[in-house]
Amino acid sequence: MKRIFFLDDSGPPFGHMVLALGGYLGGFDGHFLWNRIGAEYSSNVPVWSLRLLPALAGALSVPMAYQIVLELHFSHCAAMGAALLMLIENALITQSRLMLLESVLIFFNLLAVLSYLKFFNCQKHSPFSLSWWFWLTLTGVACSCAVGIKYMGMFTYVLMLAVAAVHAWHLIGDQTLSNVCVFCHLLARAVALLVIPVVLYLLFFYVHLILLFRSGPHDQIMSSAFQASLEGGLARITQGQPLEVAFGSQVTLRNVFGKPVPCWLHSHQDTYPMIYENGRGSSHQQQVTCYPFKDVNNWWIVKDPGRHQLVVSSPPRPVRHGDMVQLVHGMTTRSLNTHDVAAPLSPHSQEVSCYIDYNISMPAQNLWRLEIVNRGSDTDVWKTILSEVRFVHVNTSAVLKLSGAHLPDWGYRQLEIVGEKLSRGYHESMVWNVEEHRYGASQEQRERERELHSPAQVDVSRNLSFMARFLELQWKMLVLRSDDSEHKYSSSPLEWVTLDTNIAYWLHPRTSAQIHLLGNIVIWISGSLALAIYALLSLWYLLRQRRNVHDLPQDAWLRWVLAGALCAGGWAVNYLPFFLMEKTLFLYHYLPALTFQILLLPVVLQHISDHLCRSQLQRSVFSALVVAWYSSACHVSHTLRPLTYGDKSLSPHELKALRWKDSWDILIRKH
């Protein structure tokens with residue numbers, strides 16, 4: 001809302017834009033500090049508008065569940081049962097009533113499934129019709145939106161691609177279709193399910209980057225070029241910098257890797273201790289570190305080894321790939337140096353220092369070869385911000401590298417810089433780029449120190465292309481890790497299935513009213529049983545078919561397989577990957593998988609009634625049991641209502657009654 005750039009690990013930007021759209025429609029100006037859960041909203045926050053779109057998405061999921069079961073060619077009764085379960089599931093209600101993205105993700109997941117089923121059914125009687133194209137295209141759009149909300153949407157997208165691929169494989173084998181017709185079918189699916197989602201996904205980022213054009217606190221995570229493309233911040237500092245680095249240029253060098261924190265090559269008057277804590281000796285030369293803050297000691301002068309001048313000549317002589325350079329520290333005029341002395345914290349690497357002449361048998365080794373990593377040719381010029389370079393020591397072939405280790409107190413807890421042998425492989429921590437740059441004009445040290453604080457004068461534009469910004473932002477989103485420390489309400493995937501966890505979303509500061517993310521235990525346990533029954537029945541049918549015994553008619557079997565592929569498969573792809581994730585997990589991560597379980601439940605119930613209940617009496621008894629089961633699910637949903645809506649102050653007795661699971665656990669332990 002403030003147009004300030006931000007970056008987090010929650011996923012692509014479309015979900016944030018959905019919430020922001022609700023705020024925009026409500027006139028929200030963005031002035032609220034979202035830093036404490038449970039804080040009272042100020043009068044300028046349009047809570048109703050911000051919650052509108054997630055709530056609308058949650059509400060629309062109910063009729064979509066009905067439509068999906070119908071499109072699978074099950075009865076209206078089964079479809080009504082799926083809609084009812086979506087309607088009364090407390091966890092889905094809670095999640096959709098707040099400013100959260102899971103309900104929007106579930107909406108697009110279900111929309112993708114529904115659209116594909118509509119398209120698949122159109123395929124049978126009216127291929128390439130207007131409705132056929134509409135539902136096929138909408139499938140791709142919904143999949144892209146799901147991925148654009150959260151990366152979890154990729155699970156459902158992969159499922160839809162897999163189902164579409166199987167159907168396309170069968171289509172290829174259809175001898176009634178000509179080769180041209182088959183090619184058109186495959187091309188249409190490729191465009192709708194691959195090209196359109198990719199284009200739409202790029203569009204989300206395009207709008208996102210247009211909206212967030214101002215510098216913010218997350219800038220330093222990004223590269224210098226990305227920061228310079230934002231209004232304010234680094235763009236304000238670097239405005240007017242020369243583009244080409246020349247001999248005599250004054251520069252600051254930022255490490256491209258930026259981990260554990262973004263930092264700049266730095267030196268100061270202090271030297272390495274004569275003897276380290278572990279007993280090893282040092283060169284006692286001037287310390288060189290990586291410093292995570294802007295500082296005048298971050299400035300270096302690019303010197304021509306064959307000349308004494310520390311100023312830019314007229315005309316400037318640009319530095320090119322492969323040139324030999326010396327890096328002279330701007331404030332101390334000592335040259336960057338490395339030699340065969342072990343680094344303080346990385347004994348297998350070389351110490352990097354600024355050379356002090358102690359008149360002993362340790363000559364200066366301060367020649368470095370510049371290598372432009374992202375060059376287009378071997379004649380490329382070293383450019384401000386744009387060029388990613390590494391410095392290879394001429395005498396030892398060591399590469400200037402950020403080790404990432406924090407030096408002890410004698411190094412002011414700054415980050416260690418080492419010389420790493422080139423034979424050990426390439427790493428981003430060896431790569432640097434010029435962030436701030438000016439043409440040095442003062443040969444005298446005192447004048448040069450004043451010059452280091454003055455702004456540059458030459459104006460050069462360095463706007464990154466959209467694709468360059470997109471690729472960098474996408475990579476940062478994928479590798480960014482939030483604090484993975486244990487959270488009070490974090491849980492494991494095994495706890496989700498049995499509903500052995502919950503999340504306290506809100507507690508009233510004065511009364512006992514509260515909101516918890518807590519599921520309907522009847523639905524959750526029944527959903528797991530339905531999955532098990534589906535798997536066992538499918539295995540039984542397959543074994544019987546191997547013996548040439550067909551328990552189901554062909555159309556019933558195909559309907560059963562398609563329902564399982566979408567519903568049981570949807571549960572599996574949205575649940576099982578979490579066992580491989582190392583991030584902190586919460587109960588709400590299970591909700592997309594839960595919706596597919598809910599869709600499978602009435603499918604299994606109708607299948608049992610139609611194909612396993614042999615007599616009318618058995619069907620009547622089974623129907624009565626199903627009605628009783630639905631009634632119990634409704635009763636549990638109503639019982640948990642105070643914790644779902646948080647609109648009622650609960651007495652201690654009422655709170656104790658809702659802790660049925662604690663009472664059950666105590667009863668089990670007693671016996």
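A residue counts as buried here when its relative accessible area is under 20%. That cut-off comes up several times in what follows, and the model it is applied to is a predicted one.

Cys263 and Cys290 are both buried. The link between them is right-handed, with 90 degrees about the S-S bond. Cys290 belongs to strand E3 (residues 286–291), while Cys263 is found in the loop between strand E1 (249–255) and strand E2 (264–271), so the bond ties together parts that are 27 residues apart in sequence.

What about Cys122 and Cys567? For Cys122, the closest cysteine sulfur belongs to Cys181, and at 15 Å it is too far for a bond. Cys122 also counts as buried, because its relative accessibility is 9%. With a relative accessible area of 2%, Cys567 is buried.

Turning to annotation, an unreviewed UniProt entry lists "domain: MIR" for residues 242–305, 316–373 and 377–437. In the model, the span 242–305 is 41% strand and 0% helix, and its end C-alpha atoms are 22 Å apart.

Next comes Asn109, which is part of helix H5 (residues 102–125). Its relative accessible area is 2%, so Asn109 is buried. The side chain of Asn109 makes a polar contact of 3.2 Å with the side chain of Thr156. Setting aside neighbours within four places in sequence, Asn109 touches Ala146, Gly153, Thr156, Asn574 and Pro592.

Last up is the empty space inside. Rolling a probe the size of a water molecule over the atoms shows where such space is left. Here the structure holds one cavity of 30 Å³ or more, and the volume of the largest cavity is about 70 Å³. Its lining is made up of Phe74, Ala556, Arg559, Trp560, Gln606, His607, Asp610 and His611. Two helices, H15 (554–575) and H16 (591–612), each supply at least two residues of that lining. Helix H16 gives the largest share, with four residues.

Technical notes: Residues are numbered from 1 along each chain as its sequence is written. This is a predicted model: local features need pLDDT of at least 70, side-chain atom pairs count only at pLDDT 80 or more; totals for chains, interfaces and linings use all residues. Side-chain values use heavy atoms; hydrogens and water are left out. A disulfide is a pair of cysteine sulfur atoms within 2.5 Å. Buried means under 20% relative accessible area, exposed over 50%, partly exposed in between (1.4 Å probe, protein chains only). UniProt positions are given in the numbering used here, feature names are shortened, and annotations may be inferred rather than shown by experiment. A polar contact is a pair of N or O atoms within 3.5 Å; within protein, one must be able to donate a hydrogen and the other to accept it, and residues adjacent in sequence count only if both atoms are side-chain atoms. Contact means heavy atoms within 4.5 Å. On a 1 Å grid over the protein atoms alone, a cavity is a set of points where a 1.4 Å probe fits but cannot get out, and a pocket is an open set with protein on both sides within 12 Å along at least five of seven lines; lining residues have an atom within 4 Å of a point. Grid points are joined across faces, edges and corners, and a volume is the space filled by probe spheres set on the points.
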